[in-house]
Amino acid sequence: MFLVTIDPNGEILLAGRFDATRVEEAYLVLDKIAESRRVNFKDLDYISSAGLGALLKTQKRLSASGHELTLTNMNKMIRDVFRIARFDVVFKIEEAV
Amino acid sequence: MERKFSKTISSLDDVFLFLEEFFSTANIDPGSAYAISLAVEEFFTNMVKYSPESNRDITVRARRNGDAALVALVDEDVEPYDVSGAGTVDTTLPLEERKVGGLGIFLSKELMDDVSYEYAGRTSTITLTKKLET
């Protein structure tokens with residue numbers, strides 16, 4: 001299961017498993033983002049390099065117009081993946097509370 | 001445990017179900033299970049993308065050996081593709097220059113304790129070893 005939605009406040013919500021089979025689905029939403037947004041990982045259980053790639057591509061596109069994604073509420077394992085990939089220097093990450 | 005999967009990306013859902021069964025049966029901790037799932041996805045996806053000359057099924061074998069989990073991916077009737085030199089990624093580059101190519105293999109090698117490659121009889125076998133949290 002994978003879900004990517006935008007809540008009424010404009011926050012992007014990711015849920016389930018963001019793997020190589022879900023990238024096209026994710027782009028249906030990510031490609032519509034044109035300004036800075038928060039991406040809430042609260043209900044995301046898993047992400048692989050395919051999901052990281054989709055977020056990186058979106059971040060690059062937004063960065064060209066001075067915007068960015070801010071990532072929030074990652075679980076420990078996903079946070080580790082971001083740290084190992086050193087994606088924590090290309091994304092602003094708000095630590096889970 | 002062993003199972004065969006069609007050589008397409010859409011098989012990943014079934015691969016994950018197979019791994020969940022293994023994690024449950026072998027009592028694998030959640031952190032190790034995540035790492036193994038990621039590495040299997042990355043190498044399975046690599047086999048689909050870079051060894052398209054064969055449409056034979058990919059075999060995944062998983063077993064627990066004491067405090068380690070071993071998972072092998074077997075790709076038959078293919079040219080050699082030695083992963084040991086792959087996955088070199090410069091993680092220090094700024095955003096504009098960061099690329100995703102190679103990232104999956106890089107992450108897998110970081111998350112696994114060992115990744116070995118064998119090629120014999122036109123068959124590639126990648127064996128992943130993960131020491132488990134006790």
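Helices here are DSSP runs of H or I with at least four residues, and strands are runs of E with at least two, numbered from the N terminus. The structure shown is a predicted model.

**Figure 1. Order of the elements in chain A.** Starting at the N terminus, the elements of chain A follow the pattern β-β-α-β-α-β-α-β. Chain A therefore contains 3 helices and 5 strands. Its radius of gyration is 12 Å, close to the 13 Å that the globule rule gives for 97 residues, so chain A is as compact as a globular protein of that length. Along the principal axes, the C-alpha atoms of chain A occupy a box of roughly 30 × 30 × 25 Å. Of the 97 residues in chain A, 38% are buried. Among contacts in chain A with a separation of 6 or more, 65% are between residues 24 or more positions apart.

**Figure 2. The open sheet of chain A.** Strands of a sheet pair through backbone hydrogen bonds, either parallel or antiparallel. In chain A, 5 strands form an open sheet with mixed pairing, in the order β1-β2-β3-β4-β5. The edge strands are β1 (2-6) and β5 (92-94) of chain A, each of which pairs on one side only. From one strand to the next, the twist averages 25°.

**Figure 3. Pairing of β1(A) with β2(A).** Strand β2 of chain A spans residues 12-18 and runs antiparallel to β1(A). The two strands are joined by 5 bridges. A:Phe2 stands opposite A:Gly16, a residue of β2(A).

**Figure 4. The hairpin of β4(B) and β5(B).** In chain B, strand β4 (residues 114-120) and strand β5 (residues 123-131) run antiparallel and are joined by 7 bridges. Across this pair, B:Tyr117 stands opposite B:Ile126 in β5(B). The hairpin has 2 residues between the strands, and B:Gly121 takes a positive phi near 55°.

**Figure 5. Packing of α2(B) against α3(B).** Helix α2 (residues 30-50) and helix α3 (residues 103-111) of chain B pack at an angle of about 145°, and their axes are 9 Å apart. The crossing of these helices, α2(B) and α3(B), is left-handed. On the α2(B) side, the residues that meet α3(B) are B:Ala35, B:Leu38, B:Ala39, B:Glu42, B:Phe43, B:Thr45 and B:Asn46. Their counterparts in α3(B) are B:Gly104, B:Ile105, B:Leu107, B:Ser108 and B:Leu111. Sorted by class, the contact of α2(B) with α3(B) comprises 7 nonpolar, 4 polar and 1 charged residues.

Technical notes: Residues are numbered from 1 along each chain as its sequence is written. Chains are lettered from A and ligands numbered from 1 in the order in which they are written. This is a predicted model: local features need pLDDT of at least 70, side-chain atom pairs count only at pLDDT 80 or more; totals for chains, interfaces and linings use all residues. Axes are lines fitted to C-alpha atoms, for helices over the stretch in contact, and angles run from 0 to 180 degrees between N-to-C directions. A crossing is left-handed if the near helix is turned anticlockwise from the far one by less than a right angle, and right-handed if clockwise. Two residues are in contact if their C-beta atoms, placed from the backbone, lie within 7 Å. Ala, Val, Leu, Ile, Met, Phe, Trp, Tyr, Cys and Pro count as nonpolar, Asp, Glu, Lys and Arg as charged, and the others, Gly among them, as polar. The radius of gyration is taken over C-alpha atoms; the globule rule is 2.2 Å times the number of residues to the power 0.38. A residue is buried if 20 or more other C-beta atoms lie within 10 Å of its own, exposed if 12 or fewer, and partly exposed in between; C-beta atoms are placed from the backbone. Two strands pair if DSSP finds at least two bridges between them.
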